[in-house]
Amino acid sequence: MSTVTRRVETALPETGSREWWALYLLAPPVLIGAGILAFPGLVFDQFIWQYLWGPVVADAASEPVIA
(Lines give C-alpha, C1' and ligand atoms only; values in the text may rest on other atoms or scores of the structure.)
Protein backbone atom coordinates (compact mmCIF):
# COMPACT_ATOMS: atom_id res chain seq x y z
CA MET A 1 0.00 0.00 0.00
CA SER A 2 1.41 3.36 -0.96
CA THR A 3 1.90 6.25 1.42
CA VAL A 4 -0.68 8.39 -0.39
CA THR A 5 -3.32 5.67 -0.14
CA ARG A 6 -2.65 5.27 3.57
CA ARG A 7 -2.93 9.02 4.14
CA VAL A 8 -6.20 9.26 2.21
CA GLU A 9 -7.70 6.28 4.02
CA THR A 10 -6.81 7.72 7.40
CA ALA A 11 -8.08 11.22 6.50
CA LEU A 12 -11.50 10.14 5.25
CA PRO A 13 -14.13 8.97 7.73
CA GLU A 14 -15.38 5.40 7.65
CA THR A 15 -18.54 5.82 5.57
CA GLY A 16 -19.97 3.99 2.61
CA SER A 17 -20.10 5.37 -0.89
CA ARG A 18 -23.81 6.15 -0.56
CA GLU A 19 -23.15 8.85 2.01
CA TRP A 20 -20.52 10.49 -0.19
CA TRP A 21 -22.73 10.42 -3.29
CA ALA A 22 -25.59 11.91 -1.30
CA LEU A 23 -23.28 14.67 -0.10
CA TYR A 24 -22.02 15.40 -3.62
CA LEU A 25 -25.52 15.49 -5.06
CA LEU A 26 -27.22 17.45 -2.29
CA ALA A 27 -24.53 19.98 -1.38
CA PRO A 28 -24.76 22.23 -4.49
CA PRO A 29 -28.57 22.69 -4.39
CA VAL A 30 -28.48 23.24 -0.63
CA LEU A 31 -25.69 25.82 -0.93
CA ILE A 32 -27.44 27.65 -3.79
CA GLY A 33 -30.73 27.60 -1.88
CA ALA A 34 -29.05 28.97 1.25
CA GLY A 35 -27.38 31.64 -0.84
CA ILE A 36 -30.70 32.67 -2.37
CA LEU A 37 -32.28 32.91 1.07
CA ALA A 38 -29.36 34.87 2.55
CA PHE A 39 -28.50 37.09 -0.43
CA PRO A 40 -31.34 36.89 -2.96
CA GLY A 41 -30.30 39.79 -5.19
CA LEU A 42 -26.67 38.86 -5.32
CA VAL A 43 -27.12 35.16 -6.02
CA PHE A 44 -30.00 35.44 -8.48
CA ASP A 45 -28.90 38.57 -10.36
CA GLN A 46 -25.16 37.97 -10.42
CA PHE A 47 -25.09 34.18 -10.85
CA ILE A 48 -28.32 32.43 -11.78
CA TRP A 49 -29.64 35.04 -14.20
CA GLN A 50 -26.27 35.91 -15.72
CA TYR A 51 -24.97 32.41 -16.31
CA LEU A 52 -27.95 30.05 -16.26
CA TRP A 53 -31.36 31.59 -16.90
CA GLY A 54 -30.59 34.78 -18.83
CA PRO A 55 -28.94 33.08 -21.83
CA VAL A 56 -31.94 30.74 -22.15
CA VAL A 57 -34.37 33.68 -22.20
CA ALA A 58 -32.21 35.60 -24.69
CA ASP A 59 -31.97 32.58 -26.95
CA ALA A 60 -35.72 32.02 -26.83
CA ALA A 61 -36.30 35.67 -27.80
CA SER A 62 -33.67 35.43 -30.57
CA GLU A 63 -31.72 38.32 -29.10
CA PRO A 64 -28.04 38.60 -28.22
CA VAL A 65 -26.91 38.03 -24.67
CA ILE A 66 -25.80 41.29 -23.09
CA ALA A 67 -23.13 40.85 -20.44
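Let's start in helix H2, where Trp 21 and Tyr 24 sit three residues apart, about one turn of the helix. Keep in mind that this is a predicted model.

How open to the surroundings are these residues? Trp 21 counts as exposed because its relative accessibility is 56%, and the cut-off for exposed is over 50%. Tyr 24 also counts as exposed, at 52% relative accessibility.

## Aromatic pairs

How many aromatic pairs does a search of the whole structure find? There are three. One of them joins Trp 21 and Tyr 24: their ring centres are 6.3 Å apart and their planes meet at 90 degrees, so this pair is edge-to-face.

Trp 21 and Tyr 24 share helix H2. Now look at another pair, Phe 44 with Trp 49, which is tilted, with 6.4 Å from centre to centre and 40 degrees between the planes. Phe 44 counts as partly exposed because its relative accessibility is 37%. Trp 49 is partly exposed too, with a relative accessible area of 38%.

Which helix gives the most to the patch? It is H3, with seven residues. Helix H2 (17-38) and helix H3 (40-60) each supply at least two.

With a relative accessibility of 38%, Phe 47 counts as partly exposed.

Technical notes
Residues numbered from 1 in each chain as written. Predicted model: local features only at pLDDT ≥ 70, side-chain atom pairs only at ≥ 80, totals over all residues. Heavy atoms only, no water. Helix = DSSP H or I, 4+ residues; strand = E, 2+ residues; numbered from the N terminus. Buried < 20%, exposed > 50% of the residue type's maximum accessible area, 1.4 Å probe, protein only. Phe/Tyr/Trp six-rings, centres within 6.5 Å; stacked < 30°, edge-to-face > 60°.
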